[in-house]
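Student: Please bring up the model. I would like to go through it in questions and answers.

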Amino acid sequence: ESALRGIDGWKHWVARWESSYESMHVTIDGLVPIERDHVLALVSIEATPTGGTRRLRWAAAHVWTVRDGRIARWETHLDLGLARRTLG
């Protein structure tokens with residue numbers, strides 16, 4: 001699935017990650033304000049797959065739409081260039 005919406009979408013996303021990984025840690029490496037309601041969040045992710053022993057690491061770019069101090073929309077991109085193009 002490429003788009004999940006609402007609280008049910010969030011629950012589905014969390015359940016999918018919890019079934020795939022025994023542990024996960026996301027670190028925010030940087031926040032770049034794009035415009036009034038958008039922030040580019042550069043993150044590093046470390047996770048151990050379910051049943052695995054080797055910890056995986058990867059980076060991603062999140063484009064957050066912020067309303068009333070909360071993330072109202074979240075797009076995840078593994079390609080920073082693609083993340084930038086979604087804003088253009």
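Student: Is D68 buried or exposed?
Tutor: The model is predicted, so local features need pLDDT of at least 70 and side-chain atom pairs count only at pLDDT 80 or more, while totals for chains, interfaces and linings use all residues. Residues are numbered from 1 along each chain as its sequence is written, and side-chain values use heavy atoms, with hydrogens and water left out. Relative accessible area sets the class: under 20% is buried, over 50% exposed and in between partly exposed, for a 1.4 Å probe and protein chains only. With a relative accessible area of 82%, D68 is exposed.

Student: Where is D68 found?
Tutor: Helices (H or I, at least four residues) and strands (E, at least two) are DSSP runs, numbered from the N terminus. By that numbering, D68 is in the loop between strand 3 and strand 4.

Student: What value does phi of D68 take in the hairpin of strand 3 and strand 4?
Tutor: That hairpin has 2 residues between the strands. D68 is a residue other than glycine, yet its phi is positive. The value is near 55°.

Student: How many bridges pair strand 3 with strand 4?
Tutor: Two strands pair if DSSP finds at least two bridges between them. The pairing runs over 7 bridges.

Student: How many bridges join strand 2 to strand 3?
Tutor: These strands run antiparallel, and A41 stands opposite H62 in strand 3. Their hairpin has 6 residues between the strands, and G51 takes a positive phi near 80° there. The bridges joining strand 2 to strand 3 number 10.

Student: Over how many bridges do strand 1 and strand 2 pair?
Tutor: Strand 1 covers residues 21–35 and strand 2 covers residues 38–49, and the two form a hairpin with 2 residues between them. In strand 2, V39 is the bridge partner of P33, and V43 is that of I28. The sense is antiparallel, and the count of bridges is 12.

Student: Which pattern does the protein follow along the sequence?
Tutor: There are 2 helices and 4 strands. Read along the sequence, they give α-β-β-β-β-α.

Student: What is the volume of the second largest pocket?
Tutor: Rolling a probe the size of a water molecule over the atoms shows where empty space is left. On a 1 Å grid over the protein atoms alone, a pocket is an open set of points where a 1.4 Å probe fits, with protein on both sides within 12 Å along at least five of seven lines; lining residues have an atom within 4 Å of a point. Grid points are joined across faces, edges and corners, and a volume is the space filled by probe spheres set on the points. For the second largest pocket, this comes to about 220 Å³.

Student: Which element gives the largest share of the lining of the second largest pocket?
Tutor: The lining includes W13, W17, M24, W58, H62 and W74. Helix 1 (6–20), strand 1, strand 3 (56–67) and strand 4 (70–77) each supply at least two of its residues. The largest share, 3 residues, comes from strand 3.

Student: How many nonpolar residues are in that lining?
Tutor: Ala, Val, Leu, Ile, Met, Phe, Trp, Tyr, Cys and Pro count as nonpolar, Asp, Glu, Lys and Arg as charged, and the others, Gly among them, as polar. By class, the lining of the second largest pocket has no charged residues and 2 polar ones, and its nonpolar residues number 9.

Student: What separates the C-alpha atoms of R5 and R73?
Tutor: R5 is in the segment before helix 1 and counts as exposed at 66% relative accessibility. R5 and R73 are 68 residues apart along the chain, and their C-alpha atoms are separated by 8.9 Å.
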